[in-house]
Each structure stands twice: as structure tokens, then as C-alpha cells.
Amino acid sequence: MRSSSSLAGALRNPWVLGPVGIASVLLIWSLISLSGTVDPLFLPSPPAVWQAAADQFHGGILVTDAIASIQRVFLGFALSAALALPLGIAMGSNPLICRLLEPLLGLIRYMPAPAFIPLLIIYFGLGELPKVLLIFIGTFFFNTLMIMDAVKFVPQELLETALTLGGRGLPILTRVVAPYIAPQVIDAYRINMASAWNLVIVAELVAANEGLGKRISLAQRFLRTDEIFVGLIVIGLIGLLIDLGFRALLRRSCRWAS
Amino acid sequence: MHLSVNGVSKTFGDGRHAKLVLDDISFSIKSGEFVALVGSSGSGKSTVMRLIAGLERPSAGVIALDGKSVDGPGSDRGMVFQKYSLYPWMTAAQNVAFGMSLQGLPRALVRERTAYFLEVVGLQDAARRLPKELSGGMQQRVAIARALAADPKVVLLDEPFGALDLQIRETMQEFLYQLWQRSGITALLITHDLEEALLLAQRVHIMAPRPGRIVRTVEADLDRSNLAHLRVSPPFLELREELVTTLRNLDAAAI
């Protein structure tokens, strides 16, 4: 009885089944490459990928690339988050602004951000600016619309209570609306950060001197599948860490919501 | 303090979809009175309250507080909602303090008055707890303390105990009655529960639906020294029975 209930507990624990899933993929990967049925050019062995990662790390390339990519993501996303917050709140709380801008934003949102790359390169060349702007374009409209929705769903009674307690415009915004939407805003940022991270790789595939995406496209040219694997895994790991960071922030700042 | 509702009507929508929800409502409340509006759902009683609170505008007629026409929400008319509507991220004390802090009262005064009103509602030990950690009855007491702490001239209670279990509701009715007696507040209670209205209010306005209007006003001149006894005393039961019949006939006529 006891063992079955502790098994059930283990199955519910996210730190048990998750690693099991990852380990099984690693195991299958190892078995396939050990069996020799697939050309190592297509499927490098886990030790080979580990070696490539170690080489890139010791050569300093891995860190330089990661920093370059992270920097672009953070610049573009910070710009997007900072501008989306006031605009989303304005649209969510003022029906006129909402009616004016929602169709426009809804339209642009459906234009794939990578389709802006040619335009950005024509306007701003091959430097950092077009990459940062691509991340901005790819996340700003989603951030804004999600924040707008959060504001629209602030319960009417909470606003009316503040009014009957002597509250007015701006204090109600900062002391009722802002704390109420904080969990949803953080979650919107978390979700859209994932597309920011996708977009930086796309931008670097097209044109860059360094960055994790750039490394992957160089590796392709020299048929270094092991380095491509390294790039993919590192990109995944950094994304996961960012996601976990947002989740921790969410838990910490919004204990009242659960 | 004198709150007057004078010939107030309210229409929602316009043109062909216009719907008259309140028709020529008039009544008034003076300092220290406890008045109740009773009616079934659809009688527009909550709309009356929202009009007094300034959350809606009347289509016709005038609502005036101390001779000044009401033209929007303000801290002179406190409100307690059925669903408590506490701020979930604030502790009980922060909720109570919120109105005073919005009004810019000095911090020391806010702290002192918060402690005082938490004690008034018997929740001094729950000061640091979040709303989700409090029972429904406790949450509603915090909401009442919050409304009182903002120092309103009249407290508007919109079905304040409607979401509570029957037993807790009776305790809360006694609590509210004693609070009214001790603190000399002026209260307007909206309820669908005739017994609750008769038990607590000195004057009860009975509303009928479609369109919402006051059909009868009762001066409930009863001995309230012991509410538990009053609930089962013959004069109370007689009055209640008579008014229940009135309400039932109204509903039958409306259907």
C-alpha cells in the first residue's frame, strides 16, 4: 500500500517523470548511434556532440555566441515589453483607443515576423539594429493584445469598490489594475519570450557575425552535424532557463492568485 | 445627513430596445437610520443602489446627499457588495486601509483607524491574512470594515449576506445590527430576504418588478433588544406573513 502511494507521489512530482522522458530520448539516441545503422554524418553520437560542445566552450565561441544571442533577445524584448505595457493598459481601459488600434494590431500580428527581415535589412543594414527590431516586431503586438485582454477582465466590482472608496483615474490604474494584471502580464511575457528566442535564431541564420543561430548555419556549410546538435541543445537549454525564471517570478510575485 | 431619492427613473438601452427598469422611485434616509429595500430579482433594487453610489446615472429624477446632487461615485457613499470584492493581493488590514490611503490620509492615522475598524468587526487577529485565507463571513466583515473606515455618510449594502450559508447569515445579521447600534452609522440595505429586512431595518420599502417601483413602505417598529427572540415573536411573524403575501401577489400579477 505504502509503496504504491509513494509511486503515485513520484509520478506526480514534475522532477521525476520529466528527467525520465529526457533520459529515454538520450538512451534511444545512444543505442541508434552505437548500432551503427545511421551514418554519423547524419546522427553524431552523444560523446561526439559532448566533445564538440567542450571544444566550443573552451575556445570561448560558445559563450560569445550565447551572449550575442541573449543580448539581442533581451534588447528587443525589453523594448517590446516596455512599450506594450502602457499601450495594452490604454487599450484595455479605454474603449476608444481599443476600437482605433485593435484591428490594426490584429492585422499586423498575423504578418509573420521573419517576413520583415528583407525590409529590415534594406532599412538598417546587417548590424544589430535589424535583429533587435525583428524581435520587437515579433513580440510587441502579441504582448500588447494579451495585456489589453488582461485589463479588460479586471472584475468590475474591484474597480467600482475603488471608486466608492474615493479612488480616481490614475491611482485606480496603479493600485488596482496593475497588481491585478501582474500575473497575466508576466505570463504573457513568458509565452512571447519563446517566440523572441525563436526569432533571434532566424535573424542570425540570415545574417550575423556571431550568435547561436549563426554557428548553426556555419556548421551546416561544413557538414558539422555535431556542432548543429550543440547549437540546438544550447538554444533549448537557455530557452528553458528563461522560462523557469519567469515561472519563478510568477510564483513569487503572485502568491495571492493561486 | 440627508439622502433623498426623488422621482428617479432609469431606462436601459434606447429606441426600440429601451427598457424601463425603475419607475418614479422616491424615498429618503436621515442620519442614523437603517432603511431596507426589499424585492425579488428584477425589481431593480440593485439599480437603485448603483444610482445612489453614483455608478450609474438616473434617466430622470434627482438623488441628493445633503442637498448636493449626486453626479458620480464618491467616498461619502460607502458600498458593500454581495461578492465582498476584496483585493485578493492585499491583506485584511491593507484592504481596510485602502480607502483611507486613496484619500491621502496620513500614514499614522491610517494605521490607527485600520486597527480600530478591524477590532470593530472582530478581526484584529486576521489583520495579516489574505482574503483567500478567510471564510466568507470574515471576508464580508473585512469589506464592511473597509467601507466604514473610509468614513462615508451612508453605507450601501447590496445583498451583503446573500452568498453566505444560512447559519452564518444569521450571525452576520446580528453583527450588522449591533454594529449599527454602536457606531451610529446610516445604512441602506438591499435584500431579497424579507425577514432580514424586517429584522434589521426601521423602515422597509417593498419593490415590485417590471418596472421596478416601490409599492409599499412599512415602519417596522419592533422590539429589537434580542434578535433571536424577535425572529420567532408573534408580531414579527404576523408582519412577515402579511408582507410575504403582498410580495407573492405582486409576483403572481407580474407573471
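Buried area is the accessible area, taken with a 1.4 Å probe, that two parts lose on being put together, summed over both. In this predicted model, chain B and chain A bury about 2000 Å² between them, and 65% of that area lies on carbon and sulfur atoms. On the side of chain B, B:Tyr87, B:Trp89 and B:Leu102 lose the most area to chain A, together accounting for 31% of what that side buries.

The contact draws 27 residues from chain B and 19 residues from chain A. Seven residue pairs are in polar contact between the two chains. In chain B, the elements giving two or more residues to the side that touches chain A are α1 (45-53), β6, α2 and α4 (136-149); α2(B) gives the most, with four residues. The residues on this side comprise 15 nonpolar, seven polar and five charged.

Two salt bridges are found across the interface. One of the salt bridges joins B:Arg50 to A:Glu160, with the closest N and O atoms 2.6 Å apart.

The structure holds 11 aromatic pairs over all chains. One of them is edge-to-face, because the rings of A:Tyr180 and B:Trp89 have planes at 65° and centres 6.3 Å apart. This pair crosses between chains, from helix α9 (residues 169-206) of chain A to the loop between β6 (77-80) and α2 (92-102) of chain B. A:Tyr180, B:Tyr87, B:Trp89 and B:Phe98 form one aromatic cluster.

| Residue | Relative accessibility | Class |
|---|---|---|
| A:Tyr180 | 18% | buried |
| B:Trp89 | 16% | buried |

Note on methods. Residues numbered from 1 in each chain as written. Chains lettered and ligands numbered in written order. Predicted model: local features only at pLDDT ≥ 70, side-chain atom pairs only at ≥ 80, totals over all residues. Heavy atoms only, no water. Phe/Tyr/Trp six-rings, centres within 6.5 Å; stacked < 30°, edge-to-face > 60°. Buried < 20%, exposed > 50% of the residue type's maximum accessible area, 1.4 Å probe, protein only. Contact = heavy atoms within 4.5 Å. Salt bridge = Lys/Arg side-chain N within 4 Å of Asp/Glu carboxyl O. Polar contact = N/O pair within 3.5 Å; in protein donor to acceptor, adjacent residues only side chain to side chain. Nonpolar A, V, L, I, M, F, W, Y, C, P; charged D, E, K, R; others polar.
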